[in-house]
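User: I would like to learn how to read strand pairing and helix packing in a model. Please take one feature at a time.

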Amino acid sequence: MKTLIAAYSGVLRGERQAEADRSQRSHGGPALSREGSGRWGECHGAGVMDLREDFLERALWQAGTGSSILSALQDLFSVTWLNRSKVEKQLQVISVLQWVLSFLVLGVACSAILMYIFCTDCWLIAVLYFTWLVFDWNTPKKGGRRSQWVRNWAVWRYFRDYFPIQLVKTHNLLTTRNYIFGYHPHGIMGLGAFCNFSTEATEVSKKFPGIRPYLATLAGNFRMPVLREYLMSGGICPVSRDTIDYLLSKNGSGNAIIIVVGGAAESLSSMPGKNAVTLRNRKGFVKLALRHGADLVPIYSFGENEVYKQVIFEEGSWGRWVQKKFQKYIGFAPCIFHGRGLFSSDTWGLVPYSKPITTVVGEPITIPKLEHPTQQDIDLYHTMYMEALVKLFDKHKTKFGLPETEVLEVN
């Protein structure tokens, strides 16, 4: 191609020289010794030829080096700050961090902001919100205000892909029945439970058509302004008897209430490499299932304990004493934990580690409806549930990176 360009350029230069010679002859002498009009004619002719030469050389070069242009563009977009994969990774990190911060500080922060607004000239805004809050106080107990728009936000797909999180269906669920899902383990924040059942990132509604999932969490979260609206929009409700009674008796069929059975006590033993659940003495959810005839569904989330590292206090230590007091009087146990930093996985921060979380939904256990279940009835179905959970764990553990010898510890 370069040879072709050079040859063609030579032809153009020959044409330009011939044009200049003709111009000299037509004026009877050298162009530089003639009048201004002659000089302008020569220069004009040469200028035209220069433009033609430059244009054609450039056209030939561009036609011959299209691949070079594409390569240059690829190089441009491979610059670190424009790299698509790295941009997506940062979006994933931001999407996870916004939920973590919402979970930890949104309620307290919004309460403080509203109190501040109350002391300013905009106090009417705070008064109107608190007035509306009084009238809307019992809405969470009736299932809240689910928003399909919020559940389908693109941010949740980035949230899902960060770990990534996967929902595995093993059996169909009848829409004519109600269900209580027992989610294990709690982990630090129950990130798998949130992503799978409070968003549509893993397509829970398509995998279980006709089933409305309600993730149950601490009732205290719904006393926090703004945070309560955020939680309700995802289908999250208080884990209280009144709420569960309402959803299982006055909200039709096809309801699935997800209860993280181990609760705060289980979160205190959450650590990477440990598969343990707090279940042996947790029987209240079984009693509720019997009173309403709601089927029990065991769920195990592989990898839930891997995303945060925690300082574990030994039994009898002052740290464990403080945690138990918080758990007893407030309903949650403060944990000292850390993940990775916002910009680097080599630093500490609140962003969880990107470890796969796979949530496996087991086979439903058919539960009869008993208005007044006896302790014997409760113990019977509680034992059946524990056995089903262990069986689910053993069946799927090797598929998700655990050795055959791994045993689920039931406390």
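User: Which residue of β4 is the bridge partner of T217?

Analyst: Strands of a sheet pair through backbone hydrogen bonds, either parallel or antiparallel. In this predicted model, T217 has P238 in β4 as its bridge partner. Strand β3 (residues 212-217) and β4 run parallel and are joined by 3 bridges; two strands pair if DSSP finds at least two bridges between them. Strands (E, at least two residues) and helices (H or I, at least four) are DSSP runs numbered from the N terminus.

User: In what order do the strands of the open sheet lie?

Analyst: The order is β1-β11-β7-β2-β5-β3-β4, 7 strands with mixed pairing. β1 (165-169) and β4 (236-238) are the edge strands, each pairing on one side only.

User: Which residues of α15 are buried, and which are exposed?

Analyst: An α-helix has 3.6 residues a turn, so residues three or four places apart point the same way. Buried means under 20% relative accessible area and exposed over 50%, with partly exposed in between (1.4 Å probe, protein chains only). The buried residues of α15 are I378, Y381, H382, Y385, M386, L389, L392, F393 and H396. Their arc, taken from the directions from the helix axis to the C-beta atoms, is only 150°, which puts them on the same side of α15. Q376, E387, K391 and K395 are exposed on the other side.

User: How should I take the numbering and the values?

Analyst: Residues are numbered from 1 along each chain as its sequence is written, and side-chain values use heavy atoms, leaving out hydrogens and water. Local features need pLDDT of at least 70, side-chain atom pairs count only at pLDDT 80 or more, and totals for chains, interfaces and linings use all residues.
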